[in-house]
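Me: I would be grateful for a close look at one part of this model, followed by an account of how other parts of the assembly are arranged.

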Amino acid sequence: MGNLETITQKIRDKAKSLLSSGQAEVVIGYRQGTTPLVAAPFFARKPEDCDKLIWSSFARLNLANYLPNRKEKVALVAKGCDARSAVGQITENQFQRENLYLLGVPCTGLVDPAQVAAKEPRPIREAKETDEAITISGSGFTVDIKKEEVLRRNCRTCSHRTPTLSDELTGPEVPGAKPDDFADIQALLAKTPDERLAYFKDLIKDCLRCYACRNACPLCYCPICFVDETRPQWLGKSTDPMDTMTFHILRGLHCAGRCTACGACETACPVNIKVREFNRVLDRSVQENWSYEPGLAWEQKPPLTVYQPNDPADFIK
Amino acid sequence: MSEFEPKVVAFFCNWCTYGAADLAGVSRLDYPPNFRVVRLPCTGRLNPKFILEAFKRGADGVWVSGCHPGDCHYIAGNYHARRKFILLHTLLETIGVDPNRLRFSWISSAEANKFQAMAKDVVEHVRACGPNVTFRKDELRLDLAEVA
Amino acid sequence: MTEYIVKENALPDFFQALANGRRLLAPQGQGENCQLAPLNGPLSLDYANTHMSPKGLFFPQTEKILAFHKLVDKPHYNVYQDLGDHSQPTVIFGIRPCDARGLAVSNRVFQNDRFTDPYWKGKYEQTVKIGLACLEPFPQCFCSAMGGGPFGENGLDVLAYPKDKGLGLKALTPVGEELLKATKAEPADLASEIKELEQKAIEAQGSLDDYKTINERQIMELYKADHWPNTAEPCLGCGVCTFFCPTCHCFDIQDESNEKGGARMRNWDTCMSPLFTVHGTGHNPRPSKTERVRQRFMHKLKYIPIKQDGVRGCTGCGRCVVMCPANIDIRSVAALMAQASA
Amino acid sequence: MSVNNPYLPYPVRISNISVDSPDKSLRTFKFEFLDPEDENRFEYLPGQFAELSIPGEGEIPIGIASSPLEKGYVMFTVNRVGHVSSFLHNMKVGDIMGVRGPLGHPYPVHSLTGQNIVVIASGFAVTTLRGTVAWLLHPDNRPNYGRITFVYGARSPGHLLFREDWEAWQQRDDIDVFVAIYKMVPGWTGKVGFVPAVLQEICPPATNTSAIVCGPPIAIKTTQPVLFEAGFKPENIIMSLENRMKCGLGICGRCNVGPEYVCKDGPVFTLAQLNELPPEY
């Protein structure tokens, strides 16, 4: 039995026992999606629902997104990044620790459908997976692809694949990947301001302003988002490029020091914008300035809620 | 076409830099008139969207100035603001806002001379950048002649 | 109406004749980049469908409709003037039948029993629509279940299908007939071949539920069904479904102005947003995502059919199925509605 | 609203503004059309609404408070709640803006010919009902209807709109007028109590009678039982809904209540119709 099956079985067993013992009123996990390469969020409330729960490398959404404002006792199936997001929400008082059971899943990285499509453009009718590879098939073809060739960008540089904090792990710990070295951002800084602006404008040119990135993000729980404020109205509602740019800049800033690089935003984006580029610029700065990574400890304070008398700010004259 | 006169939106803390501007005026220290000043209770009040809004509406430069670290009227407002500025400055610089268009400074209410020098310096840097055409919202993009 | 053939080597001439000075749009690019764009490369006939539905060509995401100026001494001071719809004669080749049906549904909203939207009308009526039938359905397709089909004709002027590396064509309207006559397409009798191919394509979609009982149930019976909270629970409220849906047509009207003047524009909006329905008083008729998700599915599968003689507001194009980040599948929801118990 | 483009407002000039409540949250605006021809094009019946359109700011859908038989102006009472209404409250007589309409269906006054009519208004929702009563009382129309009753309640005497109108109606013998405030204040000689309570006291018989009800949701809800008790049938209870609107043309989709667009198919519905629809208003 492969790792995936073992973890799936463990999740189901644990979910059943948590629900029947009343330790959890709902288990938030994943079910098989109705389309290939997708695992969908699933809310199990009865032990008999639990056999629908699965673990899969298509589980790209961050389930911590469903925690804020929930009144029930929750057991959360959480990969490394999701667990960190959940910890972050607890430090930000969006959820109560005593109402959360973190069922940690050691994750080996998730598959990016866009990269699969780049390798195999024909319509895919079915996708199966083993621990190392996925098998996709369609009309007249079957192809095996190694997972490590089609991992999401954020998964390739994830150094916390095993949840750092959890109530229970569903499998043996897995080694983290080499962390993001931000080499591309470094390279970008060597260009002129106009070239950099052109790069970022091009990055978001297809943006529909659907805000799926915001809605998929476990950090975005504000009751009224700045894009929806009307008095004053900070953002026009049209597809004006500067309004779009403002949205992405402010979204990035709001996530600074809180983003766990879960990639849910990029997963949700219907036009495949690398929206996380804005976050990465800030992640780099947060790590350089304050050696901070969010969601690694219960008592950690996010960097923008604290200060040091000697914070580095040579640019302030 | 007359020579380009930059428009700079200035966000000043009520307790320090705004006082410095006042003192500079009272002391008859001349400084360029290119600023539109927005008085804030503290630089901690500065939401990044104010800066973006200024650029979006066509400001050629933005200048943010408050109390020296340690001198905040509200004890730690400018310390918190400083962390925000660090990230904001990094992000705006990375995505291609010319750093010369955006100035942060600490000027106490006694530093009228520093205010005068800084004001001149800000305007000269922004002038060198030229008009802000890349980071403004070309609001309506319609020929008003069409409807006039 | 007549059928025609265009052989492979006659295709370039055929497209030139189609355009005849008009703007000619055809599917360009693959996968997520596939869109209707001016034809300037090799024609691709094996695309699944365009990434976004063609509704944006008739109803752009942002469209300036009116403008005014603030010049006190000029006429029309502070009075909105019509900017017109700036449409140009267009021929679209390669709309999938599902999307054409979507346009036809929207057309009955934009040109309803009381009002005509001039911006939509201009574009819609100046466009000749040539559909491309689907010989082989794609994994996300369920057009047959929704009352359309891979060879559906609703909303089209001409239906085309790939034939021996060339095209088979069937004129569906006088406009389409005239268009084809003006090309060098050869008349042919394709009726039986089309019927056969259509049958095959429908069969290839597998046996699909047509959710017929939805039509028989009363609004309030479907509305009060107990599955809605569960159906809505995974929803992120992003509205990607509405942006990609070929029949979603809701919009917002916004004014923007500066010191010289301003414009009124309309922008796509989404019923998935809580602000969509909120009153000035703060009261919200659809306060939670359960009501909003229910509204969307009820609108597609019950409300539009009531207003449009039974034609459903879902065309089975499958975009929302593929694009929904939370995998809320309209087929599963339709199945729940079909067996709904109040 | 031009013939060719229903999005294009008629240009109007503000000809009169009156402040109508002690807290200044209600103002009544009269508009005159810049092009007199537009007044003829703007052909309406009581119960219809229009979009008040301020260039650069936006539009708000507001019920028409004047009667079509009052010539030379159209009148609207606007509550200050959002961006556009606040902006409008700061505009002055002589300012130029736009009016787009008429929109929606009127109260079915023509099909009520021969019937008795009870008009029930709560708060500032009285606007379209003021127009309705004014229309019904016009010498051309009054002979076509039976007994007419007007019930109107508001928070305090200062919140009662259109005082001149209903005081004049009180002097007539072809309409029964009952005006109430919710809580007694010194000097008040009219009725005291919420509208449903007043209605219960004075409700005319339901035979051959229709009720036209407009008010905030809570008033509409509490009025219904009283009408049922008096024998009114859902078909004879006529109500006006409000929902968030933009286009007013049955296109933009935000005012949907089930398959109906409140702007195009409403805002006037009978209770019998509403009983078949989701309560999303």
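Which residue in the turn of the hairpin formed by β3(D) and β4(D) has a positive phi, and how many residues lie between the two strands?

Reply: The model is a predicted one. The residue in question is D:Gly56, which has a positive phi of about 85° in the turn, and three residues lie between β3(D) and β4(D) in this hairpin. The strands concerned are β3, residues 49-54 of chain D, and β4(D); they run antiparallel and are joined by six bridges. Within this pairing, D:Leu52 is opposite D:Ile60 of β4(D).

Strand β4 of chain D comprises residues 58-63, and six of its six residues are buried. In a regular strand, side chains alternate between the two faces of the sheet. Here both faces are covered: D:Gly58, D:Ile60 and D:Ile62 are buried on one side, and D:Glu59, D:Pro61 and D:Gly63 are buried on the other. D:Ile60, the residue opposite D:Leu52, therefore belongs to a strand that is mostly covered, burial here requiring 20 or more other C-beta atoms within 10 Å.

Chain D also contains two cis peptide bonds of note. One runs from D:Gly101 to D:Pro102, with omega near -5°, and D:Pro102 is part of strand β6, residues 96-103. Another joins D:Gly266 and D:Pro267, with omega about -5°; D:Pro267 is located in the loop between β14 (260-261) and β15 (268-270) of chain D.

Positive phi values also occur in chain C at residues other than glycine. C:Asn20 has a phi near 45° and is placed in the loop between α1 (11-19) and β2 (23-28). C:Asn20 counts as exposed because 12 other C-beta atoms lie within 10 Å, and the cut-off for exposure is 12 or fewer. C:Lys165 has a positive phi of about 65° and lies in the loop between β8 (158-163) and β9 (166-171) of chain C. C:Lys165 is likewise exposed, with 10 other C-beta atoms within 10 Å.

The contact between them takes 32 residues from domain 1 and 29 residues from domain 2. On the domain 1 side, β4 (62-69) and α3 (97-110) of chain C each supply at least two residues. By class, that side has 15 nonpolar, 10 polar and seven charged residues.

After the helix comes B:Gly96, with a positive phi near 105°. The contact between chains B and A takes 32 residues from chain B and 33 residues from chain A. On the chain B side, α3(B) gives the most, with 13 residues. The residues of that side divide into 15 nonpolar, seven polar and 10 charged.

Finally, the largest nonpolar core has 324 residues, and A:Val27 and A:Leu76 have the most contacts inside it. Beyond residues up to four places away in sequence, A:Leu76 touches several residues, among them A:Ile28, A:Leu63 and A:Leu100.

Notes:
Residues are numbered from 1 along each chain as its sequence is written. Chains are lettered from A and ligands numbered from 1 in the order in which they are written. This is a predicted model: local features need pLDDT of at least 70, side-chain atom pairs count only at pLDDT 80 or more; totals for chains, interfaces and linings use all residues. Two residues are in contact if their C-beta atoms, placed from the backbone, lie within 7 Å. Helices (H or I, at least four residues) and strands (E, at least two) are DSSP runs, numbered from the N terminus. Ala, Val, Leu, Ile, Met, Phe, Trp, Tyr, Cys and Pro count as nonpolar, Asp, Glu, Lys and Arg as charged, and the others, Gly among them, as polar. Two strands pair if DSSP finds at least two bridges between them. A nonpolar core is a set of buried Ala, Val, Leu, Ile, Met, Phe, Trp, Tyr and Cys residues joined through C-beta atoms within 7 Å.
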